[in-house]
Amino acid sequence: MASVMGLLEERETAARVRVEELQAEADRVLSELAAAEAVLERRAIARVELAEALAAPGDAADAAVQEVPEPVPAAEAVKVPVAGSIVPHFAEEMTVQALAPDYRRIVELVESSPEGSEGAMAKEIASGLGLELVPGKIEGVRSKARRLAERGWLAVSPTGRFTPRQPTVTALAAAGNRGGRGDGS
């Protein structure tokens, strides 16, 4: 009869091998998905370009207006994490447009919270982003929000609540609408 420790080690080894196989399969599937999405986007753009080229000179602008919005939602629907998404350190001249889409949505969601609120917990942010409220998704949001706080885009309280940094430069202010109270004019 084999020892109990030996049996447990065999089972652990088998589980580890299975995890490695599944991880390799997941990586392969994500790679194929990214390639297929790139092909889809190229084909959608080609269709729009062809429609514009075939349209009458007066209708070319109308065709572009009617066809362009279609490929954009397909690109936004992608939920695959982008390897190497870099969060730049905040500087006064920067807007949220400098951030990757996932990070931008987190900052915009936290900044849209009501004035005087205590801030948002990672679970609340995940809910606001429309994510499934499972521990993995919540921890992913918490990690991204902490990275934003480390780079100066958000503030984090000791209780784990994320708040807008003070003062915040929004896209509206960067566009030239810096008005409001106390702007020195």
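Quick housekeeping. This is a predicted model, so local features need pLDDT of at least 70 and side-chain atom pairs count only at pLDDT 80 or more, while totals for chains, interfaces and linings use all residues. Residues are numbered from 1 along each chain as its sequence is written, and side-chain values use heavy atoms, with hydrogens and water left out.

Okay, the overall picture. We have seven helices and two strands, running α-α-α-α-α-α-β-β-α along the sequence. Those are DSSP runs, numbered from the N terminus: helices are H or I with at least four residues, strands are E with at least two. Of the 185 residues, 19% are buried, meaning under 20% relative accessible area with a 1.4 Å probe, protein chains only.

Now back to Tyr103, which belongs to α4. Buried in that helix are Tyr103, Ile106, Val107 and Val110. They span an arc of only 95° around the axis, so they share the same side of α4; the arc is taken from the directions from the helix axis to the C-beta atoms. And what covers them? Among the elements are α5 (122-128), α6, β1 and β2 (162-164).

The largest nonpolar core has 21 residues, and Leu99, Ile106, Val107, Ile125, Leu148, Trp153 and Leu154 touch the most other members. By core I mean buried Ala, Val, Leu, Ile, Met, Phe, Trp, Tyr and Cys joined through side-chain atoms within 4.5 Å. Two or more residues each come from α4, α5 and α6.

Let me stay with Trp153. There is one aromatic pair in the structure: the rings of Phe90 and Trp153 have centres 5.0 Å apart and planes at 85°, so we call it edge-to-face. The cut-offs, using the six-membered ring for Trp, are centres within 6.5 Å, with planes under 30 degrees apart stacked, over 60 edge-to-face, and the rest tilted. Both partners are buried. Phe90 is in the loop between α3 (71-76) and α4 (101-111), Trp153 in the loop between α6 (135-150) and β1 (154-156), and they are 63 residues apart.

Leaving out residues up to four places away in sequence, Trp153 also touches others, including Val87, Pro88, Met94, Leu99, Val107, Leu148 and Arg165, where a contact means heavy atoms within 4.5 Å.

How values were computed. Buried means under 20% relative accessible area, exposed over 50%, partly exposed in between (1.4 Å probe, protein chains only).
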